[in-house]
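Colleague: I would like to learn how to read charge pairs and strand pairing in a model. Can we go through one together?

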Amino acid sequence: QKEWNDVISAAERNSDVWATVGVHPHEDDPHPDLGAAALVDATSHPRVIAIGECGLDYYYDKSDRAAQRERFQAHIEAARETGLPLVVHTRDAEDDTGEILTREVGKGGVSGVLHCFTGSAELARKALDLGFYISISGIVTFKNAKDLQETAARLPRERLLIETDAPFLAPVPHRGKTGEPAFVADTCRFLAQLRGEDADELADATRANFHRLFAKTLA
C-alpha cells in the first residue's frame with residue numbers, strides 16, 4: 001500500500017487533485033490478504049474520494065480469476081461500509097462483472113462508475129440500470145472504435161463522465177503520445193460533436209456529474 005501513500009501525497013499537494021485507493025485486478029495475486037478493512041482505513045483521509053480502480057480483467061489474466069473476484073468483493077464491501085463510490089475496471093469479463101454488480105447493488109449501498117469504458121452496449125445498459133455512471137476515455141476518438149462511438153452517442157448526459165486514463169490512451173490528435181489530463185478537452189470536443197452537443201455545455205455537465213458521484217470532493 002506504499003503506492004496509496006504516494007498517490008494521496010500528490011492529492012495533498014494539489015487542490016484540484018483527489019485520490020482513490022484500490023488494487024487493480026492485474027495486481028490481485030500479489031495482494032492475497034487485501035481485505036475491506038485496509039481499504040476502509042485508507043479512506044479516512046479527506047483527499048480519498050473513492051474505492052478503486054478494482055474489478056475484473058480476463059483479457060490479460062495477470063491474476064487468477066477467482067482471486068480477482070475475491071479482491072473485487074473486498075472493494076465492494078469497503079465501498080458499502082464507507083459510502084464511497086467504486087471505480088470499476090472490466091475487460092473481457094462482462095458476464096461476471098454484470099452478475100456481481102447486479103447482486104451487490106441489489107443489496108444496497110453500492111454506487112460507482114465503469115471507468116475507461118470499452119464494453120458492449122448491453123453492459124452499458126446494465127450499468128445505467130444499476131445507477132452507475134460510465135466514463136469515456138480517448139479510445140472513443142480512435143477510428144476503430146465504431147461500436148464504442150455508437151454507445152457513447154446514446155449515453156444519457158446525466159450519467160456520463162470523460163477521462164484521460166493518463167498516461168495511457170491519448171486521444172486523437174495526440175495518439176501515440178504520453179497522455180496527460182489536459183487531453184480530456186480533446187475527448188470532450190470529439191464526444192460533443194459525436195452527440196451533436198455544445199462542447200462547453202458537455203464539459204459543464206460532466207464536471208457536475210463528477211462532483212455528484214464523488215461527493216466527497218465537495219466536503
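Modeller: Start with the cut-off: a salt bridge is a side-chain nitrogen of Lys or Arg within 4 Å of a carboxyl oxygen of Asp or Glu. This is a predicted model, where local features need pLDDT of at least 70, side-chain atom pairs count only at pLDDT 80 or more, and totals for chains, interfaces and linings use all residues. Residues are numbered from 1 along each chain as its sequence is written, and side-chain values use heavy atoms, with hydrogens and water left out.

Colleague: How many salt bridges does a search of the whole structure find?

Modeller: Side chains of opposite charge can pair when their charged atoms come close. The search finds 11 salt bridges. One of them joins Glu197 to Arg157, with the closest N and O atoms 3.4 Å apart. That pair links distant parts of the chain, 40 residues apart. Glu197 sits in the loop between helix 7 (184-195) and helix 8 (199-213). Arg157 sits in the loop between helix 6 (146-154) and strand 6 (160-162). Helices (H or I, at least four residues) and strands (E, at least two) are DSSP runs, numbered from the N terminus.

Colleague: Which residue forms a salt bridge with Arg80?

Modeller: Glu104 does, at 3.1 Å between the closest N and O atoms. Glu104 lies in helix 4 (residues 94-107) and Arg80 in helix 3 (residues 65-82), so the pair ties together parts 24 residues apart in sequence. Arg80, Arg103, Glu104 and Lys107 are linked in a network of salt bridges.

Colleague: Is Glu104 buried or exposed?

Modeller: Take the scale: buried means under 20% relative accessible area, exposed over 50%, partly exposed in between (1.4 Å probe, protein chains only). Glu104 is buried, at 1%. Arg80 is partly exposed, at 28%.

Colleague: Which strands pair with strand 3?

Modeller: Two strands pair if DSSP finds at least two bridges between them. Strand 2 (residues 48-57) pairs with strand 3 in the parallel sense, over six bridges. Asp57 has Arg91 as its bridge partner there. Strand 4 (residues 112-114) also runs parallel to strand 3, joined by three bridges. Val88 stands opposite Leu114 of strand 4.

Colleague: What is the handedness of the crossover from strand 3 to strand 4?

Modeller: A crossover is right-handed if, with the strands pointing away from the viewer, the path from the first strand over the helix to the second runs clockwise. The β-α-β crossover from strand 3 through helix 4 to strand 4 is right-handed. Strand 2, helix 3 and strand 3 also make a right-handed β-α-β unit.
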